[in-house]
Structures are given as structure tokens and as C-alpha cells.
Amino acid sequence: MVPGEADVECARVAKATGSAVLTGDSDLMLHDLGPEGAVVFLDSVQTPSGVWDPAEPDIRGLRICPHTLARRLGVASIRRFAFRLTRNPHLRFAQIVQGAKDDGGVTELSGAYREFLREYEDEGTHSQPSAETGVLVQDLDPRVSELFWQYQLPDTYCWEEIPHVYLGILSEDHARQCAWRHGRDYRALGYSFFNLSRAADNRYSVVREYVRRGGRIVADEVALSEEKYVNSNLELLRSRLESARDTFGHSLAAERFWFLFALSEVYRDASVIPSGKQLEKFLAKGYMGQRTDWMDIQLLGQIQATLYSLRILKQLLDIAAPDDDSVESKSLLAELPPLYIMMSRRRMIESFADNRVVKDAVRRLFTTFC
């Protein structure tokens, strides 16, 4: 994890080690990757059969080395080619290649070319975290790390003058309310707690979240609370978790518990709740009817949003008060499942494969609704 854009750091590592960067961003080819550094585009990655099979674990992808590619095209550099392409996108490929070939240094002397390269130069101006801070941020997800650096170095990274978080695009029904509405209170609690941990002149009144609204991405401002409300909401979360553990049983496997807790949170204030049979089928198969439809996809997105919001809260509690026993964040959210579990429909289904387990879970779940 590094503050700011990762492209420069990825390019630096590729140049130093001759490694390939797995990416979906073609701009990375325009950084100085050295003679052996390369990129592997995500959309080129595949298995021989087209599906993942642990018995045949080969994964292949197209490795492109900009240095080698430029030599094969007969151009001075891929940067030259990209510059010509952006200036004359209507030209045929052969014409762009011809234009990118050596012109006696005229292109290099061009102000437009130097301006084009500025984004891809390693100027060595990025901020390196101190040893103590560097260790701390290595445990954070990218979105939480970005928020941290906006507080840590506001002049460099808080370009909106208000801290902002880009929440990921979930698989959900775009005709319905954004799934990120679920868990919003927990994210707000995390933002507020972290905000209060900063010096008085390094605090804000809101955090701006970028989320989906219909088919657009919009800014949604989350108001930050004062200490009294933060403490009250932490106590409320603790109470909800204790009540859920009493309901579902303290011996329940952590993975099952958190899926059930998220499901109960989704329907906590809902006016309409699916039937017990529907919820049993959803947990055991991933859908409520005869096959997966948008209602199932939306519900899974809401569960994922709730769990990820709790993950954001945990990380912000840990980074704001790593040694504060009064917060009890390590015990409060210690058993949250890792990302590969909490964002996986398959893991949810596997957790409730036992028919007796799922029936008992739904029976207990309804006691939290009624």
C-alpha cells in the first residue's frame, strides 16, 4: 500500500525486478517499466477450459513488455506511439506507427509531448510513510487507506477539501436503491470515530461518499458525529451484536454468524420480509425462487454492503485507537470474515449446505424480526 496513485509505485517495482503488473489500465504501459518490466491485462487472463478447476490450475495471460513491443514496431518508444495516437486517433495503425518513428528528436522537444509525459514520469515526489505509519497502513483496504492519507497529508491528497471515499460498484439491481444504503450508519460511525481521533484543526464535518444512484455515480455527504453520539452508537452496535449472538447461539461458526447478522440488518426495519422457506433457500442455494433473479442479486449486494461497512468500521477503529481498550474494537468485530468469504455467494451457500443448520438459522433469524 502506498499513498496516492499506485501506478508510479507499480512501475518502479516492475522496472527494478522485471516483473509484470496485473492491471486493467493500459496507461501503465506508458510508465518506465524498464527493459523487462511488463503488464498483463486482466481481460487476457484465462484457464485452458474457461472455468477454474483446482485439478488443472494453469492460469494464462498475455504478457506485454513495452520495451520489446516498441522494438518490434520499429518506434523509438511506446510513449511516442501513444502520443501520436492521442493526437491523431482517426489515422490508420500504419500511419500512427510511421509518425511515431524517429524524427530527429523533434517530438521530444515539443512542449505538447513533454506535457503528455508528465503524468507518466516518476518525479520522486510521492510521500513515503514513516516506518510506524507504513506498518499501520499495510493492513488497510485501499479505500480506507485513501481516507487515511487525505487526513494525514490533506494538501496533497484531499483535493476536494472534503475527505472522500469511492465505494465499489456492487453487483445489484440498478433499478433499486443502492445497496450501499445498508451499512451506512456503520461507515458513518467509523468515519466519525476516526475524525475525532485527529487534532482539532484536522477535523471535518462530513465525508463525501461516491456511490451509484440509478445509472450514475453521485456524491453523497455523510455527516460526522460528535463524541457523545459516537459513543452511543458504539454501544448500540455492541448491544446488537450481543443480542444476535444470544439469538443465533454463541457456538455458531463465525462465518455463519456474520452472514446471518448481515441478513438480519438488511431486514431490521423492513416492512416486507421474505418467508422462512424463501430465506432457507436463499442461504442454501443463493436464490429464493426457481432460479437467480434480480431480487436475489440485490439481497446479496445488500449483505455484502453491510459486511464491508463493518469491515471499514473495524479498520478505522483499529487505526484511530490501536491501544485503546475502552473501544474493544478487536473483540467487537474480531471475527469478521476476510474479504474472500464475506463477498462470496459460494461461501455463503457452503456455510448453509446442511439442511438442519439452515432451518435452525432461519427459525432463529425470525425471532430477531418478530
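**Sheet, helix and a buried arginine**

Start by selecting Val-40, which stands opposite Arg-63 in strand E3. Helices (H or I, at least four residues) and strands (E, at least two) are DSSP runs, numbered from the N terminus. This is a predicted model, in which local features need pLDDT of at least 70 and side-chain atom pairs count only at pLDDT 80 or more, while totals for chains, interfaces and linings use all residues. Residues are numbered from 1 along each chain as its sequence is written, and side-chain values use heavy atoms, with hydrogens and water left out.

Two strands pair if DSSP finds at least two bridges between them.

Next, select helix H4 and show the side chains of Ile-96, Val-97 and Ala-100, its buried residues (buried means under 20% relative accessible area, exposed over 50%, partly exposed in between, with a 1.4 Å probe and protein chains only). Viewed down the axis of H4, these residues fall within an arc of 100°, so they line one face of the helix; the arc is that of the directions from the helix axis to the C-beta atoms. Helix H2 (66–73) and helix H3 (78–87) are among what covers them, through contacts (heavy atoms within 4.5 Å).

Move on to Asp-102, in the loop between helix H4 (93–100) and helix H5 (106–109). Asp-102 is exposed, with a relative accessible area of 65%. Its C-alpha atom is 9.2 Å from that of Arg-80, 22 residues apart along the chain.

For the last stop, select Arg-198, in the loop between helix H10 (184–196) and strand E5 (206–213). What does the side chain of Arg-198 make a polar contact with? One partner is the side chain of Gln-152, at 3.0 Å; another is the side chain of Asn-202, at 3.1 Å. A polar contact is a pair of N or O atoms within 3.5 Å; within protein, one must be able to donate a hydrogen and the other to accept it, and residues adjacent in sequence count only if both atoms are side-chain atoms.
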